[in-house]
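Please prepare a briefing on the structure shown below, grouped by topic and with the cut-offs behind each term.

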Amino acid sequence: MSNPVLTAVAWPYANGPRHIGHVSGFGVPSDVFSRYMRMAGHKVLMVSGTDEHGTPIQVQADKENASPQETVDKYARQIGGDLQGLGLSYDLFTRTTTGNHYKVVQDLFSALWRNGYVVPKTQLGAISPSTGRTLPDRYIEGTCPICGYESARGDQCDNCGNQLDPADLKNPRSKINGEVPEFIETEHLFLDLPSFAGALGTFLSSRQDWRPNVLKFSQNLLDDLKPRAITRDLDWGVPIPLDGWRDKPLKRFYVWFDAVIGYLSASVEWARRSGNDDAWQEFWTNPDAQGYYFMGKDNIVFHSLIWPSLLLGQNGQGDKGGEPGAFGTLNLPTEVVSSEFLKMSGAKFSTSRGTVIYVHDFLREFGPDSLRYFISVAGPENQDVDFTWEEFVRRTNFELANEWGNLVNRSISMAHKNVGAIPNPTALTDDDEALKSLSRGAFEVVGGHLRQSRFKQAASEAMRVVSAANKYISDQEPWKRKDDVARRDTILHTALQVVQDANTMLTPFLPHASQKIHEALGGSGVWAAQPECQDVEDLDVPGRINPILTGDYAGEQARWESTPIEVGRPLDKPSPLFAKLDPKLGETGPEWAPVVD
Ligand SMILES: [Zn+2]
């Protein structure tokens, strides 16, 4: 049996609807990967949820004249709907405001505390002089003390990626009203990151197969680890389970601390909902299990250094030793897969700066598969990419409609018209054998790329088979073989077999289209399963309803192999797969977008 695979997907923040830049970084790549791994025979657990704590939620709630809970209820539902619409096959997409999450966060913290990896310290906290309220880190802007970038945020510099403390910023100012924040002394708990330096160094040096940018970036930070605050002065978050802290209404865990533990809490919740409370262990404490973490590049440090530190501390494996906590000995990440940014006309997609294309608008107009394809083949896998409507139209019209849609349509149409079923092949020529062997061989090549999260190369290799099949049909001219029906049928059979193979290889990218093609080839039942939105009762807070995303992927038929098509299976006239877009869209963009905040 193949290794169990945990796909841990970055948690979208629930202070508004998500845009296509977000889903290109964490969403689509993690789903393509998970769908491939399931097809290749791995047991996969794909989890995430909405990240619902922290001061930006409070700020958004104030703007909407709502409570933080009302605000996150609204956006959790909206974001879940978007991800469902994209066909992201989460086993569980939950949220950080569940009773289960609170308990897992507190249990993990307790192990860190007992093992001595958390230390109390006084630090300077920012308040707004005009209102007297705590000023959120992200709402403080200033010059990065490390690289000199002038628009660094209080918690992080988007230019050099370093974690920051607002008090370290040069020339700090409030992004809300421009005033200079006042810094006052306040007590907080800190994760003692320096006491993981040795263990993290050993961990990173065992991960030589990571993308070099992720590995080097993380190793460079090792020499300069500082204790990092895990609590905040705010009333919206997970309470701290320590005497003297738990009852203080203004002390909560910092949102990054609780959110990153979500990978574990969502796995535990999935297990509890599955009827086997311990089922999560197969993916977390089984030494054969592998954990793949997907995120945008601004989140690398949380997954390559901070989350491994929390795991090591819980396990009692940091430089101070200790005993494993309530979760036993948890696995460290196998792979940290980060994407660069999808930009629009050079500006980073961001709800706070510039232009936005929301996922729900995009899905309404174009459906999921053209976006999934665009992100896979032209997305920000290795470098920042500018999203242009011109490129989107070109990829959709020339690659999906003209190449792939046309191959499917003309092979099935010809077989339908001439035979009414999958034709019977006779003696194969060298050309037939060559195409079939190219197609069979591509499974290994495409699969190898997907296993290593090289989505562009994987999609391009699969599309090479499609191009070869189109050329084969044009060269063989089956429509001219009226006098040699046996040869015609052999050509059509060969083409349909390659359609079947290419459809299998494109299933992780185009799961909706692949289901239709499966049916157009005479298949029935579920080929590629889709997630569904459900309202479920919180497992620990009776009466509370949570929107979740889940699915049953065990029954789907797609397997990563060449499946012989069945001669004689009836074929109907196919309907077109991909609608061609108006080329004018490429010049002007749609009327409804981009939305400018
Ligand atoms: Zn910087």
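What arrangement do the four donor atoms make around the zinc ion, and why? The arrangement is tetrahedral because the angles that the four donor atoms subtend are 104 to 114°, where four donors count as tetrahedral if all angles lie between 85 and 135 degrees. This is a predicted model, in which local features need pLDDT of at least 70 and side-chain atom pairs count only at pLDDT 80 or more, while totals for chains, interfaces and linings use all residues. Residues are numbered from 1 along each chain as its sequence is written, and side-chain values use heavy atoms, with hydrogens and water left out.

**Zinc site**

- Cys144, Cys147, Cys157 and Cys160 are the protein donors, each through SG, and they lie 2.3 Å from the zinc ion; donors are N, O and S atoms within 2.8 Å of the metal (3.2 Å for Na, K and Ca), and since water is not among the atoms, sites may look incomplete.
- Along the chain, the spacing of the zinc donors is C-x2-C-x9-C-x2-C.
- Cysteine 157 is buried at a relative accessible area of 0%, whereas cysteine 160 is partly exposed at 22% (buried means under 20% relative accessible area, exposed over 50%, and partly exposed in between, with a 1.4 Å probe and protein chains only).

**Cavities**

- The whole structure holds two cavities of 30 Å³ or more; a cavity is a set of points, on a 1 Å grid over the protein atoms alone, where a 1.4 Å probe fits but cannot get out, and lining residues have an atom within 4 Å of a point.
- The largest cavity has about 100 Å³ of space, a volume being the space filled by probe spheres set on grid points that are joined across faces, edges and corners.
- Of the 13 residues that line the largest cavity, Pro29, Ser339, Ile375, Glu381 and Phe455 lie nearest its centre, and α1 gives the most to this lining, with four residues.
- The lining of the largest cavity comprises seven nonpolar, four polar and two charged residues (Ala, Val, Leu, Ile, Met, Phe, Trp, Tyr, Cys and Pro count as nonpolar, Asp, Glu, Lys and Arg as charged, and the others, Gly among them, as polar).
- The second largest cavity has about 40 Å³ of space, and the residues lining it include Phe283, Trp284 and Tyr293.
- β12 gives the most to the lining of the second largest cavity, with three residues, and this lining has five nonpolar, three polar and no charged residues.

**Helix α17**

- Helix α17 spans residues 511-520, and its buried residues include Pro511, Ile517 and His518; helices (H or I, at least four residues) and strands (E, at least two) are DSSP runs, numbered from the N terminus.
- The buried residues of α17 pack against α1, α12, α13 and α16.

**Backbone and a buried strand residue**

- Most residues other than glycine have a negative phi.
- Asparagine 171 has a positive phi near 55°, is placed in strand β7, and is exposed at 54% relative accessible area.
- Serine 453 has a positive phi near 60°, sits in the loop between α14 and α15, and is buried at 2% relative accessibility.
- Threonine 94, in strand β3, is buried at 2% relative accessibility.
- Beyond its neighbours within four places in sequence, threonine 94 has contacts (heavy atoms within 4.5 Å) with residues including Trp11, Glu269 and Ile548.

Technical notes. Four donors count as tetrahedral if all angles lie between 85 and 135 degrees; four count as square planar and six as octahedral if opposite donors are over 155 degrees apart and all others between 65 and 115; anything else is irregular. On a 1 Å grid over the protein atoms alone, a cavity is a set of points where a 1.4 Å probe fits but cannot get out, and a pocket is an open set with protein on both sides within 12 Å along at least five of seven lines; lining residues have an atom within 4 Å of a point.
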